[in-house]
Amino acid sequence: MTTSGPDDSFSDDSFHVFDTTLRDGAQREGINLTVADKLTIARHLDDFGVGFIEGGWPGANPRDTEFFARAKAEITFKNAQLVAFGATRRPGARAQDDPQVAALLDSGAPVVTLVAKSHDRHVELALRTTLDENVAMVRDTVSHLRAQGRRVFVDCEHFFDGYRANPEYAKSVVRAASEAGADVVILCDTNGGMLPAQIQAVVATVLADTGARLGIHAQDDTGCAVANTLAAVDAGATHVQCTANGYGERVGNANLFPVVAALELKYGKQVLPPGALAEMTRISHAIAEVVNLTPSTHQPYVGVSAFAHKAGLHASAIKVDPDLYQHIDPGLVGNHIRMLVSDMAGRASIELKGKELGVDLGNDRELVGRVVARVKERELKGYTYEAADASFELLLRAEAEGRALSYFRTESWRAIVEDRPDGTHANEATVKLWAKGERIVATAEGNGPVNALDRALRVGLERIYPPLAKLELLDYKVRILEGTHGTESTTRVLITTGDGEGDWSTVGVGENVIAASWQALEDAYTYGLLKAGVAPAE
């Protein structure tokens with residue numbers, strides 16, 4: 001919870017949501033953030049309403065140093081306070097003489113998080129100092145930063161492993177930090193090996209024995225980071241450290257979004273500004289775009305599959321009451337229910353999907369039955385509609401209206417791949433079409449036979465249907481299905497197309513990849529014209 005901001009009713013400091021995406025999350029393999037990326041993510045996190053944003057380690061690298069300078073100049077935080085991360089002073093030195101401690105002050109961040117050793121073995125082997133000197137390093141650094149007007153949090157690294165090895169020493173580090181003025185001492189499961197019951201027991205004991213205000217930082221190596229975080233809250237922790245989408249080193253950190261959703265919706269704690277939780281799905285996906293990672297479709301609360309229903313039994317129940325197969329209303333976190341259509345679909349699935357797509361089935365049981373039968377028949381041939389809503393909508397409309405939606409008719413198509421003597425290849429496609437009573441022959445080249453077909457189709461139709469100029473093929477997936485006659489096989493193609501305002505997916509199945517691709521392209525163009533509000537040809 002933020003300690004400052006325009007909404008005075010939301011200034012309670014009794015519970016903290018602390019985000020470390022820009023530091024710990026950035027350590028994930030495949031994430032390389034520029035300063036501009038970090039500024040953008042910081043704005044998203046502030047919009048979401050976290051109380052603290054850990055921006056990095058100023059002085060450790062030029063990028064983090066620049067980030068703090070630019071954040072101070074370019075961002076006016078509405079909800080969050082910026083946090084600088086660093087280490088306790090070096091052994092045998094004084095905090096006021098340590099350059100990296102000075103860099104924390106120079107960052108201008110109002111809050112500093114210090115990482116401190118709490119595992120006796122790490123003190124002796126990594127820091128190469130005595131246990132007493134390590135405690136003195138904690139006291140000295142916290143006291144110095146507090147004297148300079150900084151709020152201080154202390155991350156006790158490897159705390160749970162250290163507690164198991166030497167509980168009294170681990171607790172002595174907690175006491176030293178708290179007594180020196182640290183507002184919160186965070187118990188870190190740095191190796192991510194703990195389980196919820198262990199976390200809860202240790203946090204409860206340390207809280208009782210030290211009286212310090214405690215937080216939790218959990219890695220996800222056992223797949224329990226979110227559960228471990230909530231177990232620590234159950235034991236009395238009032239500060240949770242998380243990362244957006246669970247990004248982090250190795251397999252990641254406690255995921256900010258399910259932790260916050262659980263706190264608000266399951267625990268009844270208001271840890272975000274009013275209305276912010278409904279922005280959660282948008283924020284999750286926006287941050288995924290910045291780090292250039294595809295959003296996890298099956299992420300709790302915010303994944304596109306989080307409230308997707310496929311089984312006919314589920315759909316029947318949801319038609320009566322959505323709460324029967326959903327633990328929350330998806331709208332609370334900015335998500336929505338999705339009905340998937342497959343060979344598992346029953347009447348309720350089709351009716352709900354029709355409603356979702358805006359196709360009125362008029363409670364026509366015979367029509368719904370025909371659609372169910374048609375879907376099962378086509379899925380037996382290799383089609384799949386759960387990932388191809390546009391193709392399903394075209395099928396649904398065809399059954400409802402008694403004829404397929406038609407903007408053009410294909411007379412023939414041909415794709416040629418020429419292997420040239422110099423080792424290069426030429427790809428050329430010719431399509432023969434009928435549209436609005438006109439016969440069209442169009443030829444185009446591409447960087448592959450499917451690309452050539454796509455271009456030829458566009459060349460042939462754009463003059464008659466100008467909205468097609470906006471269409472762009474965004475994604476193309478091919479799957480070879482199990483063969484049924486010796487070496488023969490069936491190919492399924494999924495195509496995603498966009499128009500700058502949204503995107504849609506279509507499916508094609510054929511005896512080869514070109515035939516399957518043509519089907520998916522036809523559906524993609526047909527749906528694009530439908531979406532653009534173009535009247536079908538007579």
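**Ground rules**

I am working with a predicted model, so I kept its limits in mind: local features need pLDDT of at least 70, side-chain atom pairs count only at pLDDT 80 or more, and totals for chains, interfaces and linings use all residues. Residues are numbered from 1 along each chain as its sequence is written, and side-chain values use heavy atoms, with hydrogens and water left out.

**Entry 1: strand E7**

I began with strand E7, residues 214-218. Strands here are DSSP runs of E with at least two residues, helices are runs of H or I with at least four, and both are numbered from the N terminus. Is E7 mostly covered or mostly open? I found it mostly covered, with five of its five residues buried. Buried means under 20% relative accessible area, exposed means over 50%, and partly exposed is in between (1.4 Å probe, protein chains only).

In a regular strand the side chains alternate between the two faces of the sheet.

Next I looked up a partner. Strand E6 (residues 184-189) runs parallel to E7 and pairs with it over five bridges; pairing takes at least two DSSP bridges between the strands. Across from Gly 215 in E7 I found Ile 186.

**Entry 2: surface patches**

I noted the patch rules before looking: residues need over 30% relative accessible area and no salt bridge, like charges are joined within 9 Å, and nonpolar side chains (Val, Leu, Ile, Met, Phe, Trp, Tyr) within 5 Å. The areas come from the Shrake-Rupley method with a 1.4 Å probe, and for residues only the protein chains shown count as cover.

Which residues make the nonpolar patch? I have Tyr 476, Val 478, Ile 480 and Val 513, covering about 310 Å². Strand E14 (residues 472-485) gives the most, with three residues. Val 513 lies in helix H17 (residues 513-531) and is partly exposed at 30%.

I also found a patch of negative charge on the surface, made by Glu 418, Asp 419, Asp 422, Glu 428 and Glu 445. Asp and Glu count as negative and Lys and Arg as positive, while His and the chain ends are not counted. Glu 418 sits in strand E11 (residues 409-419), and its relative accessible area of 41% makes it partly exposed.

**Entry 3: salt bridges**

How many salt bridges does the whole structure hold? My search gave 31, each one a side-chain nitrogen of Lys or Arg within 4 Å of a carboxyl oxygen of Asp or Glu.

Arg 282 bridges to Glu 279, with the closest N and O atoms 2.6 Å apart. Both are partly exposed, Arg 282 at 43% and Glu 279 at 34%.

Arg 463 meets Glu 438 at 2.4 Å, N to O. This pair links distant parts of the chain, 25 residues apart: Arg 463 is in the loop between helix H16 (449-461) and E14, and Glu 438 is in strand E13 (residues 438-446). Arg 463 is exposed at 56%, whereas Glu 438 is partly exposed at 31%.

Asp 499 meets Lys 531 at 2.8 Å, N to O. Asp 499 lies in the loop between strand E15 (488-498) and strand E16 (503-510) and Lys 531 in helix H17, so the pair ties together parts 32 residues apart in sequence. Asp 499 is buried at 11%, while Lys 531 is partly exposed at 37%.

Last, I noted a salt-bridge network that links Asp 13, Arg 151, Asp 183 and Arg 213.

Conventions. The place of a charge is taken as NZ of Lys, CZ of Arg, CG of Asp or CD of Glu.
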